[in-house]
Every structure is written in C-alpha cells, then in structure tokens.
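This briefing is for a reader new to the structure. Please look at the sequence and the model first, then read the points below.

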Amino acid sequence: MKWTKFKIKTITEAEDILISTLYDIGLEGAQIEDKVPLTPLEKEQMFVDILPDGPEDDGIAYLSFFVEEKEDGALEIMGERTTREAVLEKVREELETLRQFCDIGEGSISVEETEDIDWINNWKQYFHQFYIDDILVIPSWEDVSVEDKGRMVLHIDPGTAFGTGMHETTQLCIRQLRKYIAPGARLLDVGTGSGILAILSLMFGAGHAVGTDLDPCVAEAVEQNCSANDIDPSRFEMMIGNLITEKAVQDRVGYDCYDIVVANILADVLIALTPVVVGQLKKGGIYITSGIIDDKEQVVVEAVEAAGLKVLEVNRQGEWVSVTAAK
C-alpha cells in the first residue's frame, strides 16, 4: 500500500493546534519529530531501558500526515477521492488561516510518496541474530544455521513492542532468571514489551507467566512471539494496565502468588513499583530488577530494602545495574 506524506515544518508550541486543524480536514496518522525532552509521566510510562540524552530542544517541530494513495494515483480522504495538489492547497489554506492568530513558525510543506514498509519494517535491517551466552536470539526473517542446531533458540520479533534482548539490561535480567527459576515457577513480568523475559522464563522451566504493560500493542507482539516459540497461550497471560496505580490491575494480577517478579524498567519507576510488587510476591519469592543506570544503583537498593526485601545480588554490565532481592 502506498501513501503520500505531507510534512510540515513548524514550532513545538503549534503542534497541537496544527494536528487538530489538519485532522479536521481529514489528514490522519500524525507523526511528530521534535527535540522536546520527555516529561516525568512519559518516562514513567516507558517500559524500556533509559534512553540516551537527546539534543537540546530548539523549538522546531516536523509534523507528518499520511494519506492513502490508490492504484490510479488518486488520494482518499474521509472516503472521498482527491488529488495531491488539492490536499496540498487545502493544507496551505489552513496554515495561512492559523498564521493570522498564532505563530506556526516556517510552515513549509514537503510532499513525498512512501509505503507501509518504510515505517513498519525498516527497523528489521538493524536487527539480526545474536547470542546471549549460549542462547541464540533470532528474528523470523533469518534462518538457524546448521552450527546452531541443538542450541536453545529464542525467536523474537519485537515489532511495535520493545525488547529484542540486545540491551545490557535485558541480558542482566535473563541471566538472573536462568539462575533463579525453578521448575513450575510462577512469574510476573512488569513492563513486558515483546515478552522476551517471560517467554525465556517459560523456556527455562517456569510453569506460568503473567505480563503487564501500558501499551496495548504489546498484547499482539506477545501473542506472535509466543506462537513463534511454540509457547502454549494458556501459560502466558497478558494484562494491559498500570500495576503501580490501578487497583483493578493489582487485583487481577493477584497477591502472594509469584515465585519471581521481574521488572526491566527505569530506575524511577522501580522505586514506585517495588512497594507494590512486594504484595504480589510469595514469601521467599525473588525480585529481579534492571534498567538501572549505574548512578541510580543506590536509590534502587534503598527502595528495595525500604520495602522489606533482602538484597541478594547486585550485578553490572557496562554502565547498567541489576538488583536481585528476596521477600
């Protein structure tokens, strides 16, 4: 499927009003490119490793809108056929109207043709099979070599969810899970992403896994990755919601019933999460955390101890830290 992309150069303060205005004329799928730092709430809602510091915010933003292109080259907006020129003219009119009462910056427009593969599949060129100790991690578009036959193989396609296993924090968690999982163990994976930690836990011998995440896209990614690894769907239950703040999610997850809780999230989120997941752990249960940059190690250790847990291990890889504790 082909799409025509209309990309507008504007300023960050005008993002919302521009998106609202252009949605009203039928443009959809707004993609925002700017250098605005993440808010504390956005950081809290991220279920991946800490992102590197970005460039300083310069106030410039680029908004891209995508319009489906038919086989004959015509575009379709709100069920009606139109042309690229007509859409471009309408966008210009809307921008000029907005200029009369607010600053929209440069307001220039570029137009280009693209395809689904441009933003859905391009990341695949950067993700190839690799090893985590003796485990082969391989995407669906690559084949297992003869030399790797008989090795433990994890098939993983993160898609729109986070988690390939390439990052140090994920590898730290995997090694701890392998060390502490006992046959039949019940596991809770907070911030599941692609499902990599829970799926490997089941492959290591856990009996059942429950995953929680804020992103609805995770459910589909987990389902696909379970299927790719021949994991019985009944062994992996996925829940969408915030375990820290939503009592309904806590109740559904359950209390005093997990042998292991694993969380590969930001350190600041771990501090808020830890006193909550203590209630989910069985007595003697193991709490495995990562996603901790080295200068945040002490505050996470203090949060773990303040929640009444005993620190068993602190492991490091590069500038990242994993804290393992017991209830």
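Gly 318 takes a positive phi near 60° in the hairpin of strand 15 and strand 16, which has two residues between the strands. The model is predicted: local features need pLDDT of at least 70, side-chain atom pairs count only at pLDDT 80 or more, and totals for chains, interfaces and linings use all residues. Residues are numbered from 1 along each chain as its sequence is written, and side-chain values use heavy atoms, with hydrogens and water left out.

- Strands (E, at least two residues) and helices (H or I, at least four) are DSSP runs, numbered from the N terminus.
- Two strands pair if DSSP finds at least two bridges between them.
- Strand 15 (residues 310-317) runs antiparallel to strand 16, and seven bridges join them.
- Within strand 16, Ala 325 stands opposite Val 311.
- Strand 14 (residues 281-293) is also antiparallel to strand 16, with six bridges.
- Trp 320 in strand 16 is the bridge partner of Ile 293.

**Cover of strand 16**

- Buried means under 20% relative accessible area, exposed means over 50%, and partly exposed lies in between (1.4 Å probe, protein chains only).
- Strand 16 (residues 320-326) is mostly covered, as seven of its seven residues are buried.
- In a regular strand the side chains alternate between the two faces of the sheet.
- On one side of strand 16, Trp 320, Ser 322, Thr 324 and Ala 326 are buried.

- Val 262 belongs to strand 13 (residues 258-264).
- With a relative accessible area of 0%, Val 262 is buried.
- The C-alpha atoms of Val 262 and Ser 290 are 8.3 Å apart in space, and the two residues are 28 residues apart in sequence.
- Gly 26 sits in the loop between helix 1 and strand 2 (28-34).
- Gly 26 is buried, since its relative accessible area is 12%.
- From Gly 26 to Phe 65, 39 residues apart along the chain, the C-alpha separation is 9.9 Å.

**A charged patch on the surface**

- Glu 13, Glu 56, Asp 57 and Asp 103 form a patch of negative charge on the surface.
- Such a patch is made of residues with over 30% relative accessible area and no salt bridge, with like charges joined within 9 Å.
- A salt bridge is a side-chain nitrogen of Lys or Arg within 4 Å of a carboxyl oxygen of Asp or Glu.
- Glu 13 lies in the loop between strand 1 (2-11) and helix 1 (15-24).
- At a relative accessible area of 64%, Glu 13 is exposed.

Key
Patch = residues over 30% accessible without salt bridge, like charges linked within 9 Å, V, L, I, M, F, W, Y side chains within 5 Å. Areas by Shrake-Rupley, 256 points an atom, 1.4 Å probe, with all protein chains shown as cover. Lys, Arg positive; Asp, Glu negative; His and termini not counted. Charge placed at Lys NZ, Arg CZ, Asp CG, Glu CD.
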